Amino acid sequence: MADNRADTRVSMRTPLARVKGLGASGHGVEHWWIHRVTAVSNIPLIISFVIIVAALAGSTYDEAIAIISHPLIAIILILAVISVTNHMRLGMQIVIEDYVHDKGLKIIAVIANNFYAVIIAVACLYAILKVSLGRILI
């Protein structure tokens, strides 16, 4: 049997907000969690990236292409680009939302931030795929 009694707890939240469990901004902690997950995933990915770049130091062009063409290396680089650009986008969005007070300028800045992150990610992914798949497609 359903409990139809009124909720007697004092709350400033609407009943819909209590049901959905959303925060004041309307999207709960999803943004916070994604930012933390990308921060944690960046640790091994950036360490791997530094090791890959260090391995490329002093290599000839053909050796560098051979290293980057390895599927595991390409996957690590692709994951690093996706994680880092997403983390960058989320971090900059937090700064924009906190410190840009004009609503129109805030919307323009968030849209520009999203486009910038996508352009950087696409350019990096294109370069990685072109190098890693270049030997297969030729």
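Me: Which helix does His 31 lie in?
Reply: His 31 lies in helix H2, where a helix is a DSSP run of H or I with at least four residues, numbered from the N terminus. This is a predicted model, in which local features need pLDDT of at least 70 and side-chain atom pairs pLDDT 80 or more, while totals for chains, interfaces and linings use all residues. Residues are numbered from 1 along each chain as its sequence is written, and side-chain values use heavy atoms, without hydrogens or water.

Me: Is His 31 buried or exposed?
Reply: His 31 has a relative accessible area of 15%, so the residue counts as buried (under 20% relative accessible area; exposed is over 50% and partly exposed in between, with a 1.4 Å probe and protein chains only).

Me: What does His 31 touch, apart from residues up to four places away in sequence?
Reply: His 31 touches Leu 90, Gln 93 and Ile 94, where contact means heavy atoms within 4.5 Å.

Me: And how far is His 31 from Gly 91?
Reply: In sequence, 60 residues separate His 31 and Gly 91, and in space they are 9.9 Å apart, C-alpha to C-alpha.

Me: Now His 35. Where is that residue found?
Reply: His 35 is found in helix H2.

Me: Buried or exposed?
Reply: His 35 is buried, because its relative accessible area is 13%.

Me: What is His 35 in contact with, leaving aside neighbours within four places?
Reply: His 35 is in contact with His 87, Leu 90, Gly 91 and Ile 94. Leu 90 and Ile 94 are also among the contacts of His 31.

Me: Which residues of H4 are buried?
Reply: The buried residues of H4 include Leu 90 and Gln 93, and His 31 touches both of these. Others among them are Ile 73, Ala 74, Ile 76, Leu 77, Ala 80 and Val 81, as well as Ser 83, Thr 85 and Ile 96.

Me: What span should H4 have, and why?
Reply: H4 has 29 residues, so at 1.5 Å a residue the helix should span 42 Å; the expected span is 1.5 Å times one less than the number of residues. The end C-alpha atoms of H4 are 42 Å apart, which agrees.

Me: Another topic. Which residues of H3 meet H4?
Reply: In H3 they are Ile 67, Ile 68 and Ser 69.

Me: And which residues in H4 do they meet?
Reply: On the H4 side, the residues are Pro 71, Ile 73, Ala 74 and Leu 77. Among these, Ile 73, Ala 74 and Leu 77 are buried.

How values were computed: Helices (H or I, at least four residues) and strands (E, at least two) are DSSP runs, numbered from the N terminus.
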